[in-house]
Amino acid sequence: MEEKSVFESFELEVSSDVKGFLKEIATWSYFLSIVGFIGIGFMVLFGVFFGAILGSSMGGMNPYENLGFSVGYFGFIYVAIALVYFFPVYYLFNFSKKMKRALNANDNNDFKSAFSNLKSHYKFIAIFAIVIISMYVLIFAFAALSATIF
């Protein structure tokens with residue numbers, strides 16, 4: 001006869017208190033995802049119109065011409081940042097919708113899918129944080145190296 005360890009036979013109990021906490025988490029995460037989508041919309045609008053508005057108000061003069069790029073690139077950067085920001089907000093939105101549906105219908109598949117989306121949300125945020133910190137370290141190292149050379 002095969003023996004199961006305590007951890008293999010462990011079943012997680014989702015009490016009514018925990019369900020209430022999860023419902024509140026789903027509500028707040030839904031709110032934050034909607035605010036995130038609105039922010040992404042503003043970033044895209046700003047990015048699209050940035051080059052046209054700034055270019056026309058400057059009378060054709062480009063202060064970044066000696067660096068080799070146009071003012072319109074700043075608008076492109078805003079749209080790119082909005083695209084990167086879209087994915088964690090989308091995962092958070094999916095978490096909140098599926099968690100609400102799972103709690104209302106007692107559906108284990110939606111419950112599991114909701115936590116899968118939450119995992120993806122935090123995984124994306126963590127990888128993004130690692131990338132940003134790495135960029136800061138590289139910029140600091142480059143600045144220190146260039147300071148010693150020049």
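**Rings and core**

Mentor: Phe86 is partly exposed, at a relative accessible area of 31%. Keep in mind that this is a predicted model.

Trainee: And is Phe87 buried, exposed or partly exposed?
Mentor: Phe87 is partly exposed, with a relative accessible area of 36%.

Trainee: How many aromatic pairs does the structure hold?
Mentor: Eleven aromatic pairs. One of them joins Phe86 and Phe87: the ring centres are 5.6 Å apart and the planes stand at 75°, which is over 60, so the pair is edge-to-face.

Trainee: What about the rings of Tyr90 and Tyr91?
Mentor: Their centres are 6.4 Å apart with the planes at 50°, so that pair is tilted. Tyr90 is partly exposed at 36% relative accessibility, and Tyr91 is partly exposed at 25%.

Trainee: Which residues do ring pairs link into a cluster?
Mentor: Tyr30, Phe37, Phe86, Phe87, Tyr90, Tyr91, Phe93 and Phe124. Tyr30 also has Lys100 over its face, at 4.3 Å from the ring centre.

Trainee: New topic. Which residues make up the largest nonpolar core?
Mentor: There are eight: Leu22, Ala26, Leu92, Phe95, Met99, Leu103, Ala114 and Leu118. Two or more residues come from each of α1 (16–57), α2 (72–105) and α3 (108–149).

Trainee: Which element gives the largest share?
Mentor: α2, with four residues. In general, nonpolar side chains in soluble globular proteins tend to be buried together.

Trainee: Back to Leu92. What is Leu92 in contact with, beyond its neighbours within four places in sequence?
Mentor: Ser29, Leu32, Ser33, Leu118 and His121.

Methods
Residues are numbered from 1 along each chain as its sequence is written. This is a predicted model: local features need pLDDT of at least 70, side-chain atom pairs count only at pLDDT 80 or more; totals for chains, interfaces and linings use all residues. Side-chain values use heavy atoms; hydrogens and water are left out. Rings of Phe, Tyr and Trp (its six-membered ring) pair if their centres lie within 6.5 Å; planes under 30 degrees apart count as stacked, over 60 as edge-to-face and the rest as tilted. Buried means under 20% relative accessible area, exposed over 50%, partly exposed in between (1.4 Å probe, protein chains only). A charge sits over a ring if NZ of Lys or CZ of Arg is within 6 Å of the ring centre and within 35 degrees of the ring normal. A nonpolar core is a set of buried Ala, Val, Leu, Ile, Met, Phe, Trp, Tyr and Cys residues joined through side-chain atoms within 4.5 Å. Contact means heavy atoms within 4.5 Å.
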